[in-house]
Amino acid sequence: MKKYRILLFLILCMALLLATTQAFASPANLQNGKNTPGPNTPGAKATEKANDNAIKQAGKPHGKHENYKGIVSAVDSTSITLTLHDGSSVSVGLSAETRMKFPGPKNSTPGSIQPGMNAMVQAIRDQGGNLIARAVMVIPGKPSKIHRVGMVTEYTAGSSITIQDKDGNTYTFALTAETKLLPAERAGMLAVSSRVTIIAPRDPASGGVTVKGIVIHPAAP
Amino acid sequence: MVNTPQVDVIGSAPAGAVISVNDEILIVGDDGQFKTTVSLDEGPNLIEIIASDDNGNETSLILTIIYEP
């Protein structure tokens with residue numbers, strides 16, 4: 001009887017072992033290529049998350065940013081090629097997620113990048129080792145703004161101002177509510193014959209001739 | 001390259017000179033010093049600095065800086 005009980009215990013143990021092995025090898029746990037020990041254990045959840053991330057990242061950029069600065073030698077809707085300062089060149093892919101930065105003209109588009117322009121590209125490599133641009137920034141040859149110094153010849157508050165520089169050239173600018181008058185304590189002194197510095201866009205096509213700020217200089221002693 | 005979202009632009013110029021740093025306009029004080037803080041976007045950024053005196057003399061500098069958090 002005792003021998004029979006031991007045999008029964010051994011059979012039960014073997015059955016339990018077989019069931020466990022079958023459970024670990026069950027195709028239900030190999031769905032979508034995932035090989036997880038069980039659906040609810042912390043280890044299984046971590047493995048599943050890692051697998052999901054790997055699937056999401058496949059073919060997407062990864063790794064450290066690579067920065068390049070040079071002259072645009074070719075550009076189209078899919079890539080930009082820079083000639084670097086050492087004479088070498090680098091081609092970087094453009095994507096819908098590439099941020100384009102154009103200082104100055106507000107109505108610029110990615111198509112505004114032309115060969116010969118200076119540019120900086122921040123890129124990252126995809127799984128295939130290809131460079132993909134995260135951001136492309138055009139570096140202007142001159143600042144987007146200009147300072148004009150002269151004597152006020154006409155002034156209509158909130159509307160327009162005309163100045164004459166030391167060479168006799170006259171410039172007329174539009175004023176808006178956003179135009180800053182500096183310093184604040186001299187704002188009330190702005191009038192015809194005031195000597196001023198006007199800060200305005202260099203390229204009138206980029207933002208009209210709207211003044212960003214007017215600095216009123218102290219009256220000559 | 002920096003890992004902070006803003007940088008200080010500090011310099012010296014003759015008193016009364018007008019300095020523009022991107023959209024910020026400064027008038028140099030009697031101590032000849034100026035300082036402003038520029039906020040950066042992630043990635044490449046431009047800092048345009050223009051200085052002029054009341055005779056209309058002007059000089060400028062364009063800096064590129066990369067902000068990588």
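Predicted model: local features only at pLDDT ≥ 70, side-chain atom pairs only at ≥ 80, totals over all residues.
The mean pLDDT of chain A is 78. Of its residues, 67% reach 70 or more. Over residues 6-37 of chain A the pLDDT is below 50. Beyond near neighbours in sequence, that stretch has eleven contacts in the model; two residues are in contact if their C-beta atoms, placed from the backbone, lie within 7 Å. Residues 54-59 of chain A also stay under 50 in pLDDT. For them the model has four contacts beyond four places in sequence.

Chain A contains three helices and twelve strands. Helices (H or I, at least four residues) and strands (E, at least two) are DSSP runs, numbered from the N terminus. Chain A has 221 residues, of which 17% are buried. A residue is buried if 20 or more other C-beta atoms lie within 10 Å of its own, exposed if 12 or fewer, and partly exposed in between, with C-beta atoms placed from the backbone. Among contacts in chain A with a separation of 6 or more, 54% link residues 24 or more positions apart.

Six strands of chain A form an open sheet in the order E9-E8-E7-E11-E12-E10, with mixed pairing. Two strands pair if DSSP finds at least two bridges between them. Strand E9 (170-174) and E10 of chain A are at the edges, each with a single partner strand, so one side of each lacks a neighbour in the sheet. Direction ignored, neighbouring strands of this sheet are turned by 35 degrees against each other on average. Axes are lines fitted to C-alpha atoms, for helices over the stretch in contact, and angles run from 0 to 180 degrees between N-to-C directions.

Within this sheet, E7(A) pairs with E11(A) in the antiparallel sense over seven bridges. There, Lys145(A) has Pro201(A) in E11(A) as its bridge partner. E11(A) and E12(A) also run antiparallel, joined by four bridges. Thr197(A) is opposite Val215(A) in E12(A). Five bridges join E7(A) to strand E8 (residues 160-164) of chain A, again antiparallel. Glu154(A) lies opposite Thr162(A) in E8(A). E7(A) and E8(A) form a hairpin with three residues between them. In the turn, Gly158(A) has a positive phi of about 75 degrees.

Chain B has an open sheet of four strands, in the order E3-E2-E5-E6, with antiparallel pairing. Strand E3 (24-27) and strand E6 (58-67) of chain B are the edge strands, each pairing on one side only. The twist averages 15 degrees from one strand to the next. Strand E2 (residues 18-21) of chain B pairs with E3(B) in the antiparallel sense over four bridges.

At the interface, 30 residues of chain A are in contact with 20 residues of chain B. Several strands of chain A each supply at least two residues of the side that touches chain B, including strand E1 (62-75), strand E5 (118-125) and strand E7 (145-156). The largest share of that side, four residues, comes from E6(A).

Notes: Residues numbered from 1 in each chain as written. Chains lettered and ligands numbered in written order. pLDDT = per-residue confidence, 0-100.
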